[in-house]
Amino acid sequence: MATIAAPSAAPAEIINPFREGLRLEGATTPCLLVIFGASGDLTKRKLLPAIYNLAQASLLPPSFAMIGFASTQMDDAQFRDVLRDAVANSSEVRVRDPAVLAYLQQRCYYISGDFGDPAAFGALKAQLGVLDQRYGTSGNRIFYTATPASLYPPIAEKLHESALTVPEPGLGHFVRIIVEKPFGHDLASAKMLNAELEKFFQEGQIYRIDHYLGKETVQNILVLRFANGIFEPIWNRRYVDSVQITVAESLGIEDRGKFYEETGVVRDVIQNHALQLLSLVAMEPPLTFDARDFRDEKIRVVEAVHPICKEDVPNAAVRGQYGPGFVAGVNVPGYRQERNVAPDSIVPTYAAFKFTVDNWRWAGVPFYVRSGKRMPKRVTEIAMQFKEVPHLPFRKSQVEMIAGNVLSLRIQPDEGITLKFGAKVPGPVMRIRSVAMDFDYGATFGTEDASPYERLILDCMKGDQTLFDRDDGVEAAWSLIDPILQVWQEHPTVKFSNYAAGTWGPAEADELLARDGKSWRLL
């Protein structure tokens, strides 16, 4: 059994460094944040820098404190050092202010304990009571499970047994839990995970986080569509020829061989990130931008995607695995040569799919989705290819049919929007060339985007579930993916590696589009 450190005494009070009047859009409701897995990589790389950025931007509530919980032996002072180092080492921290860091460290505590140990949760409950009184957090709690998904049910159960899952009586009191993707390993496990969580928490308390929905450029898809009258009228099958969604990484699996052997690219990216992007592009306009209306429309799109039956998998889905090659001029190993990867592994590091949406707006429009590791570059993009004009009135000038217009939404790394259209080349001869109108976030706004975790943690503090997954949405996504994974599992003999690191995937992915007379965009 892990040793439970006694709660430390209140540190000397540090003057609040936040200027009056800056918390205009902040989470004004007091709350305590508990991070399970507080000594892990996600906490250090993403969560602590995000919480610091919220503090630095005066977006945390004035009555706030944080408890780290993990099996790693540590005391309050050591966890405060972890916070300090996370802020110092993070590329996502925009302004480093010693006064803000000191103020946040003062409200930072730690409990060492096992996730299945009732005594550890007893210590957590006692500490929560002390800090409620010390900082006036009114019994409001957010539990963040930065742990493997297998630990979500036992953590939820121990919280329930400790009477920590039900809000205290009183107006505005809340208890919420944030769970990280992946939400299950397949449809059956996703349903089981939802059922386990919903034994102890109501759906309105559960915040399933997918950090892609916190990206500014992802949210800008909605603004582009629904705040501009020139786009929505042509956002349909009459004008759109096809849509391509690319989520490419130049990195390999790094030191995550064990994780990737159990997950693969489909579970890691396609089932969540890529389908989220598809749903945002294809959804109908919601009545309002509240959680219920917005998530209803997203889920309707996923439910309308035509299922890829087992017989169609060879014609609508491609898998691949990278071999040795060169990325940015550097010689890199193949997937099977990575640490903790089986030498005969057939886990896909690349996948491409052709989806169609069976509704009035998108009938007959193919959505091509691809994602892979060890691609030539890191890029996430949604490209909408519009249909070619039916007739060019330039016969005497011998102008050939030009490529259709393309609207590309760049999610990362160079966030922005580009519209390609035909223009006349200057001169006495009629010549047409594709040109681009380009909007770049950095050049236009001149500020760094907030990290996705900042936005989503703040939304949870506000009680806004709009950008979080719902239980039926998770299950709808798995319903699409599960049959494909089952076919691949039943037919495991695949020639791997089938693409070299530093290339855009296997030849079969090109053939997937070539059968429709199309090709992947050059990125």
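Me: What percentage of the residues in the chain are buried?
Reply: This is a predicted model, in which local features need pLDDT of at least 70 and side-chain atom pairs count only at pLDDT 80 or more, while totals for chains, interfaces and linings use all residues. Residues are numbered from 1 along each chain as its sequence is written, and side-chain values use heavy atoms, with hydrogens and water left out. Buried means under 20% relative accessible area, exposed means over 50%, and partly exposed is in between (1.4 Å probe, protein chains only). Of the 523 residues in the chain, the buried share is 52%.

Me: What is the radius of gyration of the chain?
Reply: The radius of gyration is taken over C-alpha atoms, and the globule rule is 2.2 Å times the number of residues to the power 0.38. For 523 residues, that rule puts a compact globule near 24 Å. The chain agrees with this, at 25 Å.

Me: How many helices and strands does the chain have?
Reply: Helices (H or I, at least four residues) and strands (E, at least two) are DSSP runs, numbered from the N terminus. The C-alpha trace that carries them spans about 85 × 55 × 45 Å along its principal axes. The count for the chain is 14 helices and 18 strands.

Me: Which residues of strand 1 are buried on each side?
Reply: In a regular strand the side chains alternate between the two faces of the sheet. Strand 1 covers residues 31-36, and six of its six residues are buried. One side has C31, L33 and I35, and the other has L32, V34 and F36.

Me: Which residue in strand 2 is the bridge partner of C31?
Reply: Two strands pair if DSSP finds at least two bridges between them. Strand 1 and strand 2 (residues 64-70) run parallel and are joined by six bridges. In strand 2, the partner of C31 is F64.

Me: Which residue in strand 4 stands opposite L32?
Reply: Strand 1 also pairs with strand 4 (residues 141-145), in the parallel sense and over five bridges. In strand 4, the residue opposite L32 is R141.

Me: Why is the pair of F353 and F355 called stacked?
Reply: Rings of Phe, Tyr and Trp (its six-membered ring) pair if their centres lie within 6.5 Å; planes under 30 degrees apart count as stacked, over 60 as edge-to-face and the rest as tilted. The whole structure has 17 aromatic pairs. In one of them, the rings of F353 and F355 have centres 5.6 Å apart, and the pair is stacked because the planes are at 20°.

Me: Which residues do ring pairs link into a cluster?
Reply: The ring-pair rule just given is used here too. The linked residues are F36, F69, F115, F121 and F143.

Me: How far is the charged end of R176 from the centre of the ring of F174?
Reply: A charge sits over a ring if NZ of Lys or CZ of Arg is within 6 Å of the ring centre and within 35 degrees of the ring normal. The charged end of K215 sits over the ring of Y212, 5.3 Å from its centre. The charged end of R176 sits over the ring of F174, and the distance to the centre is 3.6 Å.

Me: Which residues does A282 touch, not counting those up to four places away in sequence?
Reply: A282 is in helix 8 (residues 257-282) and is buried, since its relative accessibility is 0%. A282 and R361 are 79 residues apart in sequence, yet 8.3 Å apart from C-alpha to C-alpha. Contact means heavy atoms within 4.5 Å. On that basis A282 touches R225, V301, R361, W362 and F367.

Me: What is the phi of E254 near?
Reply: Most residues other than glycine have a negative phi, and most peptide bonds are trans. E254 is in the loop between strand 7 (240-248) and helix 8, and is exposed, with a relative accessible area of 51%. The phi of E254 is positive, near 55°.

Me: What is omega for the cis peptide bond between F496 and S497?
Reply: S497 lies in the loop between helix 13 (471-490) and strand 18 (499-500). Another peptide bond, from K181 to P182, is cis with omega near 0°. For the cis bond that joins F496 and S497, omega is about -5°.
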